[in-house]
Amino acid sequence: MRELSVTLNDYPRGIKQSLGHAMSDMMTQCTFDSDACDSTNFKLDTFINNGNCYTFGDKTAKPSVSWHVKKAGPANGLILELDIEQDEYLPITEKAGIKVLLHSGSEIVFPDNTGILAAPGYVTSIGVKKSEIYMLPQPYGNCISADNATNEIKNLYQQLGYTYTKDACLRTCLQKRIFESCRCIDLDLANMVRVLNYNDWLDLDNTKSLQICDKTMADCMDTVQEKFEKHELGCEEMCLPACTQKLYQTTVSTAVWPADRHLDRYVKFVNKTFAKKNTVYNWTSHPHEHIRKNFLRLEIYYETLRYEVISTSPTYDWNNLLGNIGGQLGLWLGFSVLTAIEVCQFTMQVLIHLFKTHYKSFRKSKKRDPCNNTIDIPLPSGSTLV
């Protein structure tokens with residue numbers, strides 16, 4: 001696969017896209033909220049390891065076009081019926097089907113990291129619940145806002161109009177470290193080597209061609225990858241979470257499709273659809289068997305139009321801080337005046353109490369003085385005291 005990726009990278013972007021599956025050939029039906037859509041509503045990106053990737057509602061493709069749903073439920077979401085063209089697969093391809101990723105239209109995603117697999121012969125129903133997270137940057141929190149993510153070492157994919165994400169930052173950082181150590185570009189990380197301007201990003205002369213990592217650099221790349229997984233390259237410290245995130249929780253269910261009694265009608269529908277394109281569909285086997293091996297149906301919809309918002313706010317802003325300081329100063333100043341009055345009152349009460357106690361003791365001591373005592377002696381009648 002690596003040798004194939006290196007070989008394909010030398011081809012122009014148009015040829016690589018033509019070697020992959022075309023949405024116009026694969027699509028037999030497309031509706032969004034019961035309105036018809038077609039292959040022109042999908043933006044094409046070429047990923048080396050995953051072939052062509054088509055994004056519905058990509059904001060970098062048509063910023064003026066927005067898609068809205070008014071009701072929840074499968075009938076009001078995106079419905080696709082696709083032919084995966086399994087007869088065109090390479091012998092090295094192990095799985096048959098497509099991979100579906102749900103994300104904000106302004107974010108770049110990487111199919112090798114995540115996604116939902118949809119198999120032919122089934123309808124894959126994906127119910128979506130949306131949540132938004134708003135965090136505060138420094139000094140309140142530990143995240144990167146869109147205004148501070150302009151450094152290209154944090155987001156190489158900014159060149160394509162995509163916003164900052166932690167995953168894109170980690171890939172950018174790892175790609176930078178691989179180039180610094182091995183002097184080559186890893187296709188597994190780059191995905192779009194000929195689209196991204198690596199020469200400007202790496203401060204290289206535009207006349208020099210970039211070396212694509214091959215088997216001879218495998219040991220060097222494995223060493224860098226091992227350090228990356230052990231968090232020894234400083235990427236985790238640099239690639240903080242984005243302050244604004246939109247997450248989509250999914251509920252996936254499947255059922256056999258089309259139903260046995262619907263197969264004949266669907267064969268007629270496919271023939272009629274390709275007749276409108278002035279082509280004849282090539283059934284490589286019995287139509288019923290061919291449909292089971294090549295056709296699938298996708299239903300992507302909101303389970304509810306309510307969504308969860310998680311936001312952080314500062315405990316103290318300047319208004320609260322100044323108000324609390326003023327309140328505390330007023331409170332403590334008020335306590336100081338009251339305390340001074342109470343001290344004076346307490347001192348006066350103590351002095352009055354001491355004065356009264358001293359005065360009572362003085363009067364008692366004066367009554368007991370022998371010099372101030374008078375003795376009365378009664379005399380007999382007619383007696384004279386000389």
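Helices (H or I, at least four residues) and strands (E, at least two) are DSSP runs, numbered from the N terminus. The model shown in these views is predicted, so local features need pLDDT of at least 70 and side-chain atom pairs count only at pLDDT 80 or more, while totals for chains, interfaces and linings use all residues. Residues are numbered from 1 along each chain as its sequence is written, and side-chain values use heavy atoms, with hydrogens and water left out.

View A. The elements that give two or more residues to the lining are α4 (166–182) and β9 (244–256), and β9 gives the most, with 6 residues. By class, the lining has 12 nonpolar, 8 polar and 4 charged residues; here Ala, Val, Leu, Ile, Met, Phe, Trp, Tyr, Cys and Pro count as nonpolar, Asp, Glu, Lys and Arg as charged, and the others, Gly among them, as polar.

**View B. Glutamate 81 and arginine 297.** Glutamate 81 has its place in strand β5 (residues 78–83), whereas arginine 297 has its place in strand β10 (residues 295–302). Glutamate 81 counts as buried because its relative accessible area is 4%, and arginine 297 is buried too, at 17% relative accessibility (buried means under 20% relative accessible area, exposed over 50%, and partly exposed in between, with a 1.4 Å probe and protein chains only). Their side chains are joined by a polar contact of 2.5 Å, that is, a pair of N or O atoms within 3.5 Å, of which, within protein, one must be able to donate a hydrogen and the other to accept it, and residues adjacent in sequence count only if both atoms are side-chain atoms. A network of salt bridges links Glu81, Arg297 and Glu299, a salt bridge being a side-chain nitrogen of Lys or Arg within 4 Å of a carboxyl oxygen of Asp or Glu. Leaving aside residues up to four places away in sequence, arginine 297 touches several residues, including Tyr122, Val123 and Thr124, while the contacts of glutamate 81 (heavy atoms within 4.5 Å) include Met26, Met27 and Phe269.

**View C. A salt bridge between lysine 129 and glutamate 303.** The structure holds 9 salt bridges, and in one of them the closest N and O atoms of lysine 129 and glutamate 303 are 3.9 Å apart. Lysine 129 lies in strand β8 (residues 122–134) and glutamate 303 in the loop between β10 and β11 (308–311), so the pair ties together parts that are 174 residues apart in sequence. Lysine 129 is partly exposed at 40% relative accessibility, and glutamate 303 is partly exposed at 31%.

View D. Arginine 177 and glutamate 180 form a salt bridge, with their closest N and O atoms 3.6 Å apart. Because these residues are 3 apart in helix α4, about one helical turn separates arginine 177 from glutamate 180.
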